[in-house]
Amino acid sequence: MKTIMIVTDGLGGRPTDIDGKTCLQVAETPEIDDLLARRGTGGLMDPIANGVRPGSDTAHLSLFGYDPYEYYTGRGVFEAAGIGMDLTENDVCFRTNFATIDSNGNIADRRAGRISESQDELEEALADLESEKFPEVEVRFKRSTQHRGALCLRGPELGGNVSPTDPHELGIPIPESSGQDEKSKKTASILNEVTQQARKILDKHPVNEQREKEGKLPANAILSRGSAKYPELPSVEEKYGVTSSVIAAGALYIGVARVAGMAFKQVEGATGTVDSNILNKAKKSVDELEKGKDMVFLHFKGADNASHDQDAEAKTKYIEKVDDTIGWLKKNTDWESTHLSFAGDHSSPIQYGDHVADPVPVMITGPNVRRDELKTFDEYSCMKGGLGRFSGNLLPMTLSYSNQLPKFGA
Ligand code: ZN
Ligand code: ZN
């Protein structure tokens with residue numbers, strides 16, 4: 001049997017979304033209602049636990065069956081893994097921004113004017129970064145989209161409890177990082193050293209000389225935040241005995257899944273925004289299962305983007321686009337031998353514009369599921385579903401329906 005787990009980021013909403021209804025209620029979702037509600041069983045899920053407002057990273061860990069209180073070390077490591085950096089348990093990672101420092105040495109722009117060209121050349125120049133104090137520590141920098149990137153320090157005895165050099169503030173110098181314990185103090189001192197070195201390398205870089213000539217803000221510093229030591233979690237294969245792939249576009253989600261041992265598969269047109277080609281992502285998922293993978297994790301990001309933008313119309317439209325994609329999956333999946341779960345990783349109501357602790361609607365469909373009476377899929381119908389209300393662990397629940405889950409005990 002095969003398993004597909006679909007997470008539509010920020011799916012859940014509140015009656016304040018649109019005239020007393022949630023976006024999911026307003027959206028036309030005939031395919032979701034048919035494949036999931038009528039042929040499946042539904043419920044409400046607290047992504048981590050009741051009364052916990054989830055981040056996307058902690059929520060995904062919990063949905064995959066990892067206790068985030070045990071394994072979550074910070075965001076940097078997932079961002080780095082998500083942009084393709086290979087990591088080991090000796091890595092401490094940060095998310096970075098290219099930033100602009102003015103002639104007084106103060107931060108003038110945290111995003112270097114949202115730099116959109118020549119970042120490859122800057123990345124190449126930063127390949128020379130190294131610690132003189134701790135030459136055994138390997139320093140790696142990789143750019144991502146626009147001003148974004150990641151910095152990883154690899155070496156023995158490095159701690160991850162380190163304060164950021166990105167103060168989220170303008171008009172002040174880059175703050176010195178400090179560490180909470182002996183090992184983290186070492187990390188902080190290397191981070192400070194590397195931050196100064198990057199200033200020197202970038203300041204004189206031809207890309208920045210050119211930018212200044214053109215009246216653009218130079219990318220003459222990197223600011224780091226989200227410090228995280230690589231979490232030593234067992235892979236999905238070690239934990240459940242299944243091979244798996246992740247189909248996603250956002251670096252954070254790709255990163256969480258890669259750290260959990262899922263193989264990342266690139267999809268053309270997948271952007272992680274409301275405009276993403278999510279049909280191509282569904283097609284790739286089916287491909288992966290046909291090529292022999294036991295499980296695919298498919299992530300749709302757009303609903304959360306629209307929620308943060310407080311755009312109810314965009315969220316509703318995006319949910320309808322997800323519905324079309326479910327329609328394609330309905331026709332192109334062998335439903336005799338596949339279980340599919342569909343949920344949000346947290347609720348993101350339009351009026352609040354951020355994640356809340358409200359439970360998310362969830363459905364599981366497939367041949368081994370005890371169908372309930374639900375006819376539609378939304379936050380209200382799911383209150384009456386057969387899955388009741390539960391916390392996280394959606395992946396192992398779905399794997400169990402597919403007879404793929406190892407037994408606990410004798
Ligand atoms: Zn999320
Ligand atoms: Zn979000």
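At 11% relative accessibility, His355 counts as buried, where buried means under 20% relative accessible area, exposed over 50% and partly exposed in between (1.4 Å probe, protein chains only). This is a predicted model, in which local features need pLDDT of at least 70, side-chain atom pairs count only at pLDDT 80 or more, and totals for chains, interfaces and linings use all residues. Residues are numbered from 1 along each chain as its sequence is written, chains are lettered from A and ligands numbered from 1 in the order in which they are written, and side-chain values use heavy atoms, with hydrogens and water left out.

**Exercise 1.** Determine which residues coordinate the zinc ion (ligand 2).

Solution. Take as donors the N, O and S atoms within 2.8 Å of the metal (3.2 Å for Na, K and Ca), bearing in mind that water is not among the atoms, so sites may look incomplete. This gives Asp304 (OD), His308 (NE2) and His355 (NE2), at 1.9 to 2.1 Å. Next, the sequence spacing of these donor residues reads D-x3-H-x46-H. His308 in helix H12 (residues 302-308) and His355 in the loop between strands S11 (338-343) and S12 (360-365) are 47 residues apart, a pair that links distant parts of the chain. Finally, His308 is partly exposed, with a relative accessible area of 35%.

Conventions: Helices (H or I, at least four residues) and strands (E, at least two) are DSSP runs, numbered from the N terminus.
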